[in-house]
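Some labels deserve a check before anyone relies on them.

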Amino acid sequence: MIVACLLPNALASLKSIFTQEVYTRISERYGNTASREISEWNELLVDLQADDLDEKLYSVNRFFNRFDFVSDIEHWKVSDYWATPIEFIATGAGDCEDYAIAKYFSLIELGIPESKLRLMYVTALRLKQPHMVLAYYDTPTSVPLVLDNINKRILPANKRRDLAPIYSFNGEGLWAAKAMGNGRKLRGGGSMKMWDDMIARLDEVIEGK
C-alpha cells in the first residue's frame with residue numbers, strides 16, 4: 001500500500017476560505033449552521049496564532065475530535081472518500097482521514113512547518129483495521145506526537161502500542177515505516193488521486209465553481 005505523494009501548495013491559500021462569498025456558498029450548500037461552524041474554525045485559528053505549540057496541538061485536536069465518526073460508505077456512499085475540511089465541518093462527521101487532514105490544514109495555518117507534520121497510515125490493532133493519524137515531529141529523528149480521533153489524548157508514538165505504522169507522507173515525500181515514528185524515505189513527487197480530488201473540491205467552493 002505504497003503511493004507516491006506530493007501535497008500541493010493549496011494549503012497556503014487557506015485564508016481564502018474565510019470570506020463572505022465562501023460563507024454564503026457554504027450556507028447555500030449545507031445550511032446556516034454549517035457556515036457558523038466554519039466561522040468557529042476561523043475564530044479558533046485566529047485565537048491560537050499567538051499561543052504556544054502545546055496549546056495549538058491540544059486545541060486543534062480537541063476542536064475536530066468533537067465531530068462524529070461515520071464511515072465513508074455510510075456518510076458519502078462510496079468506499080473511500082477524503083473530505084475537505086469544509087465538508088468535514090459542514091456535515092459534522094467523517095472518518096479517520098478527515099480528522100487527520102483537517103488537523104493538518106489547521107496546524108500549517110498556525111505556522112507549524114509542514115516538515116514537522118506527517119499524515120500517517122497505521123493499523124489500529126484493537127480494531128484490526130487501517131487507520132490514519134496526524135504525527136507531529138519536533139525534530140526529524142524525534143519520536144512524534146500522535147493526534148488521533150480514537151485515543152483523544154496526544155501521546156508520543158512509542159506510547160501508542162495499539163497502532164502499527166504502515167507509511168506516512170507530507171508535501172516533502174513518502175516514508176515507509178520500520179518502527180513507529182521512524183522510517184526510510186522512499187521518494188518525493190508524483191501525485192495522489194484522493195488528495196488531488198479533495199483539493200479540487202475545496203477549490204470549487206472557494207472559487208464558486
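Accessible areas here come from the Shrake-Rupley method with a 1.4 Å probe. The model is predicted.

Q: What makes up the accessible surface of the protein, and what share belongs to carbon and sulfur atoms?
A: The surface comes to about 9900 Å². Carbon and sulfur atoms hold 50% of that area.

Q: How many of the 209 residues, in percent, count as buried?
A: The share is 50%. To be counted, a residue must have under 20% relative accessible area.

Q: Why is lysine 77 called exposed?
A: Its relative accessibility is 64%. Exposed means over 50%. Lysine 77 therefore counts as exposed.

Q: What makes the phi of lysine 77 worth a remark?
A: The angle is positive, about 65°, and the residue is not a glycine. Most residues other than glycine have a negative phi. Lysine 77 lies in the loop between α4 (72–75) and α5 (85–91).

Q: Why is lysine 128 called exposed?
A: The cut-off is over 50%. Lysine 128 has 74% relative accessibility, so the label exposed applies.

Q: Where is lysine 128, and what is its phi?
A: Lysine 128 sits in the loop between β3 (117–124) and β4 (129–136). Its phi is near 55°, a positive value in a residue other than glycine.

Q: What share of the contacts with a separation of 6 or more comes from residues 24 or more positions apart?
A: Such residues account for 59% of those contacts.

Q: How many helices and strands are in the protein?
A: There are seven helices and nine strands.

Conventions: Residues numbered from 1 in each chain as written. Predicted model: local features only at pLDDT ≥ 70, side-chain atom pairs only at ≥ 80, totals over all residues. Heavy atoms only, no water. Helix = DSSP H or I, 4+ residues; strand = E, 2+ residues; numbered from the N terminus. Buried < 20%, exposed > 50% of the residue type's maximum accessible area, 1.4 Å probe, protein only. Contact = heavy atoms within 4.5 Å.
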